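Please look at the sequence and the fold together before reading on.

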Amino acid sequence: MNSDGTDTRVDYSRVFTQAIDRLHAEGRYRVFIDILRNKGMFPNARCFAGHNGPKPITVWCSNDYLAMGQHPDVIAAMEEALHDVGAGSGGTRNIGGNTHYHVDLEHELADLHGKEGALLFTSGYVSNEATLSTLAKILPGCVIFSDELNHASMIAGIRNAGCEKRIFRHNDLAHLEELLAAEDPAVPKLIAFESVYSMEADIAPIAAICDLADKYNALTYLDEVHAVGMYGARGGGISEAEGVAHRLTIIEGTLGKAFGVMGGYIAADQTIIDVIRSYAPGFIFTTSLSPVLVAGVLASVRHLKASSVEREGQQASASLLKTMLSEAGLPVMLGDTHIVPVLVGDPVKAKRISDILLAEYGVYVQPINYPTVPRGTERLRFTPGPSHTPEMMRELTEALVEIWGRLELRKAA
């Protein structure tokens, strides 16, 4: 209370309520859909939204791109590990959580990318944040060159590094070289970028970026989270498919998308792996992945190293869906990857389309709004997999055409 009797205390509840109200007003409030997948029947699932019991739906936005989370080998490996060693890991890797499953998986991931070593993290977000922030602190005066469309986890790592950063226009080699050339040659440099940009569905010019890194004595950090398991003869990502993995300093990936389970990792030479293992708080002070999860990933990685059936099926599905949507006049954002975005351009309308698809058609796809994508580029992001049938795609296309007409939305030019 002030001396005049007025109450100047902070109304915390009001501040928090206003923050949520802003999201509602902008059409950016996120709703998590309550679903359960049907084992062995992906993309079929059950939705528990509403009050009439579970409703059958088709999932169109899962990052389990190859349905490896449903694969019998993966499930069997997890069940075996559960009955062999129990549920949890026992702690951090330093204290009690360094199981033989973890060691085996790191060997497999190092081999996948042709690197000396690999290091597991609890998620792809953590692997990016922990590695990038630690690298820059180890390299005095480091400057990080970051693609403007890099994932939030990379941005967080760069920010937490506290170093100088230079943002280059998306996949713009001329701009990147301009920024590199302007720096002191004696300053440590790191170029951080992704292979597949999941919201734009395009691919980075990896070899050309490596050329610039060689020219200006820079390290390279490639995020392959939307490409590992998906591209290359053994699922090593775009860098394997293009034969440039050996030119990259660090390759980062996830275990929760194409590999179908959970976790993240980096692969690099053994000295860099040892540095991150020894200095990164995000690795040192967190409980390690459950061996049950690691066993599942191990089975998935080994399977996808030997099998291209899932990759080929997924690419065929993505190509067919792009063709169907494009021929229907829908504003599909065409690209060379497995991701199929459809541009809406308005957050409220994107949410409305998503709601209609779920309620009326049993189609589950989440709207992608700011800050995941820039304002005005809101979209629906479809990730067709090898289990999505042509009939499912026809039904989806017909539903979208009907909704586009109902809401009087703009079709493709």
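Is Gly345 buried, partly exposed or exposed? Gly345 is partly exposed, with a relative accessible area of 30%, where buried means under 20%, exposed over 50% and partly exposed in between, with a 1.4 Å probe and protein chains only. Gly345 sits in the loop between β13 and α13, and its C-alpha lies 7.7 Å from that of Arg375, although the two are 30 residues apart in sequence.

The model is predicted, so that local features need pLDDT of at least 70 and side-chain atom pairs count only at pLDDT 80 or more, while totals for chains, interfaces and linings use all residues. Residues are numbered from 1 along each chain as its sequence is written, and side-chain values use heavy atoms, with hydrogens and water left out.

**The chain as a whole**

The protein chain holds 14 helices and 16 strands; helices (H or I, at least four residues) and strands (E, at least two) are DSSP runs numbered from the N terminus. For 413 residues a compact globule would have a radius of gyration near 22 Å, and the 23 Å of the protein chain agrees with this; the radius is taken over C-alpha atoms, and the globule rule is 2.2 Å times the number of residues to the power 0.38. The C-alpha trace spans about 70 × 60 × 50 Å along its principal axes, and buried residues make up 52% of the 413 residues.

**Strands and a helix**

Strands of a sheet pair through backbone hydrogen bonds, either parallel or antiparallel; here two strands count as paired if DSSP finds at least two bridges between them. Strand β16 (residues 379–382) is joined by 4 bridges to strand β13 (residues 340–343), and the two run antiparallel, with Leu380 as the bridge partner of Val342. β15 also pairs with β16 in the antiparallel sense, over 2 bridges, and there Arg379 is the bridge partner of Ile368. From β16, Arg379 and Arg381 point one way and Leu380 and Phe382 the other way, and all are buried.

Elsewhere, an open sheet of 4 strands with mixed pairing has the order β1-β2-β3-β14, and its edge strands, β1 (35–37) and β14 (363–364), each pair on one side only. Within this order, β2 (residues 44–47) and β3 (residues 55–59) pair in the antiparallel sense over 4 bridges, and Cys47 stands opposite Lys55 in β3.

Helix α11 (residues 291–306) is largely enclosed by the rest of the structure, because 13 of its 16 residues are buried.

**Pocket and cavity**

On a 1 Å grid over the protein atoms alone, a cavity is a set of points where a 1.4 Å probe fits but cannot get out, a pocket is an open set with protein on both sides within 12 Å along at least five of seven lines, and lining residues have an atom within 4 Å of a point. A volume is the space filled by probe spheres set on the points, which are joined across faces, edges and corners.

| Space | Volume |
|---|---|
| Largest pocket | about 1,500 Å³ |
| Largest cavity | about 80 Å³ |

Of the 47 residues that line the largest pocket, Asn63, His151, Met199, Ile368 and Thr372 are the closest to its centre. The largest share of this lining, 4 residues, comes from α13. The largest cavity has Arg93, His102 and Gly282 among its lining residues, and β4 (117–121) and α10 (281–284) each supply at least two residues of that lining.
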